[in-house]
Amino acid sequence: MQAFQEQEYTKRIDFSLWKKIFHIAKDYHKNLALIVLFMTVSAIIDVALPLMNSYAIDTIIGQQQTEQLTGFCVLYVSLLLIQVAMIFLFIYQSGKVETGVCYTIRKQGFHKLQELPFSYYDRMPVGYLMSRLTTDTQRMGDTIGWSLVDLCWGAVFLVACSIQMLVLNWKLALVVMLVLPPLAVISWKFQREILSAYRSVRKRSSQITAGFNEGINGAKTTKTLVREEMNIEEFNEVAQDMRKSSVRAATLSALFMPIVVSLGSLATAYALWKGGYDVLSGVMTLGMMQVFINYTVQFFQPVRDIAQIFAELQSSQAAAERVVSLLETEPDIVDTPEVEAVFGDNFHPKKENWPALVGDIEFKDVSFRYKDGEKVLEHFNLKVQHGQTIALVGETGSGKSTIVNLICRFYEPTEGQILIDGADYRTRSQLWLQSNLGYVLQSPHLFSGTVADNIRYGRPEATDEEVQLAARLVGAESFILKMPDGFKANVGEGGNRLSTGQKQLISFARAILCNPAIFVLDEATSSVDTETEQLIQNAIQKVLSGRTSFIIAHRLSTIRSADRILVIQHGKITEEGTHKQLIAKQGYYYQLYTNQFQEEQGMNILAGEQ
């Protein structure tokens, strides 16, 4: 949680950013137009009602023209009914916009997450992504659906009210409006500080979400390492930072509103004093004074609302920046337009143009470094014929996983080429390659649902017979059938109802069902029991035949039958051969194997004595 540093935002109110947000909400522009119409009508009625009151005071009551009372009441009630209808329609349309914008952003966000490469998830914590697509997105919906359309009502009301005040008494109206320039200066001063404070709040909120995510997922590790107190201290540090930022933002907003209210109250007090004097002098009628005071009071209501909305926009922009930054994230790995024109993209594949993947792979003078500058491979060369099983052995950080990730095009070479079936794989689509991959991770991930659902995850159209055959091939069928519901048994969240070995076998079956031409086992036996390891070894003998396979091995007993074993050290191949050839050389592999063999034998002897 502490290592990841989120992008800093330093701009003031960015209208180009809001233009992008409104473009995202283009499907709801008609709804927004209706909201503007309803709010305009509502604002005009709000201006008209005080004039009706003035007419009633000066004409119906003052001049005793009671015969007009019936028509006046009908018109007054009609205006109120129209006002009620406008408010109902406004709320209805705003609700549609709010929920629709949230739906659209989350849909686009999920779409973006599907197309971003593996490297993006390597550096982006889950908590930050969750925060962007939940709280930040909801803030966008609230802002567009409610806050921004309130600005429309406020603007229309201020213009109409100003015109009426100038018509009634232009001198008094100008004095009242003198409040606006200092109000604008104060707003400009406050907006920078409020924006900075709310950006800090959103940033800390993301870190807290990430902390919750890590705390929940790592609960077992926390308990076994007795880190509860340290975790609380780290969490409290971030929470205290958020508290300080939140208090500062709330304080600034709290100071902002009373200043606006005080200026408005001073203007209203002056209008009341001057208007009362004019009534006593006969310059102004009682009805005119009443409507002018009414306008003066109402005049600062939208000013206060706009000021509050303006303050809220500071918080909303911080959320908008984060949402747009996700939606505009450019993938590190992209297919060229020429490739997409022939083979399609991830969501619109042109499978009819896909060539069959045979499985010949070649690294030609490949160098690779991560974005942080760490160099892993330099002038690396390797040629693999289709159908071969290649085992990669070496200490942690030697470059084994990098080699496999480059083959899968989760990353691309910094220099050099990777050829698949003789062609640079950048001249083919990512989906073409990855549709021909089977990948079994060291820590398998299952999705909520049944055993069968998880096996057919990559091929939803697979029949029950095909699912059962895949499970049988990897030796998983026996334990599945022992479960109460068999293949219909629910695996729980993340597969928590199954053992690690059982999850591994199901993930193996899932990969086999897709019938991949290239298979990758990334230390798939390092965290399973001996019995499951034997099942996986038997499965390797059966299902990897005829496929180009790469095995990153921790337990060397699983790779004795590999066609080629590569010892990787510091990104270079230092030893190469079959198991027998490398044992005969008595080099690094020999030492590693004999040490591991002695350890396993010792464990078996101890287990037998017990």
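Confidence in this predicted model is lowest in helix H8 (residues 219–225), at a mean pLDDT of 62, and highest in strand S4 (residues 415–420), at 95. Here pLDDT is the predictor's confidence in each residue, from 0 to 100, and helices (H or I, at least four residues) and strands (E, at least two) are DSSP runs, numbered from the N terminus. Across the chain the average pLDDT is 82, with 88% of the residues at 70 or better, that is, scoring at least 70.

A quick word on ground rules: residues are numbered from 1 along each chain as its sequence is written, and side-chain values use heavy atoms, with hydrogens and water left out. Because the model is predicted, local features need pLDDT of at least 70 and side-chain atom pairs count only at pLDDT 80 or more, while totals for chains, interfaces and linings use all residues.

- Over residues 1–5, pLDDT stays under 50, and the model has 13 contacts for them beyond four places in sequence (a contact means heavy atoms within 4.5 Å).

**The six-stranded sheet**
- Six strands make an open sheet with mixed pairing, in the order S6-S7-S8-S3-S9-S10; two strands pair if DSSP finds at least two bridges between them.
- Strand S6 (437–440) and strand S10 (572–577) sit at the edges with a single partner strand each, so one side of each has no neighbour in the sheet.
- On average, neighbouring strands here are turned by 20 degrees against each other, direction ignored (axes are lines fitted to C-alpha atoms, for helices over the stretch in contact, and angles run from 0 to 180 degrees between N-to-C directions).
- Strand S3 (residues 389–393) pairs with strand S9 (residues 564–569) in the parallel sense over four bridges, and Leu392 stands opposite Leu566 in S9.
- Helix H12 packs on this sheet, touching S3, S6, strand S7 (518–522), strand S8 (548–552) and S9, and its direction makes about 150 degrees with that of S8.
- Helix H17 (residues 500–513) packs on the sheet too, touching S6 and S7, with its direction at about 175 degrees to that of S6.
- S9 and S10 pair in the antiparallel sense over five bridges, and Val567 has Glu575 in S10 as its bridge partner.
- The hairpin of S9 and S10 has two residues between the strands, and His570 takes a positive phi near 55 degrees there.

**The four-stranded sheet**
- Four strands form another open sheet, ordered S2-S1-S4-S5, with antiparallel pairing.
- S2 and strand S5 (423–424) take the edges, each with a single partner strand, so one side of each is left without a neighbour in the sheet.
- S4 and S5 run antiparallel and are joined by two bridges; the bridge partner of Ile420 in S5 is Ala423.
- H12 turns up here as well, lying across strand S1 (361–369), S2 and S4 and running at about 120 degrees to S1.

**The second largest pocket**
- This pocket holds about 460 Å³ of space. On a 1 Å grid over the protein atoms alone, a pocket is an open set of points where a 1.4 Å probe fits, with protein on both sides within 12 Å along at least five of seven lines; lining residues have an atom within 4 Å of a point.
- Of the 25 residues lining the second largest pocket, the closest to its centre are Glu395, Thr396, Gly397, Ser398 and Lys400.
- H12 gives the most to that lining, with four residues.

How values were computed:
Grid points are joined across faces, edges and corners, and a volume is the space filled by probe spheres set on the points.
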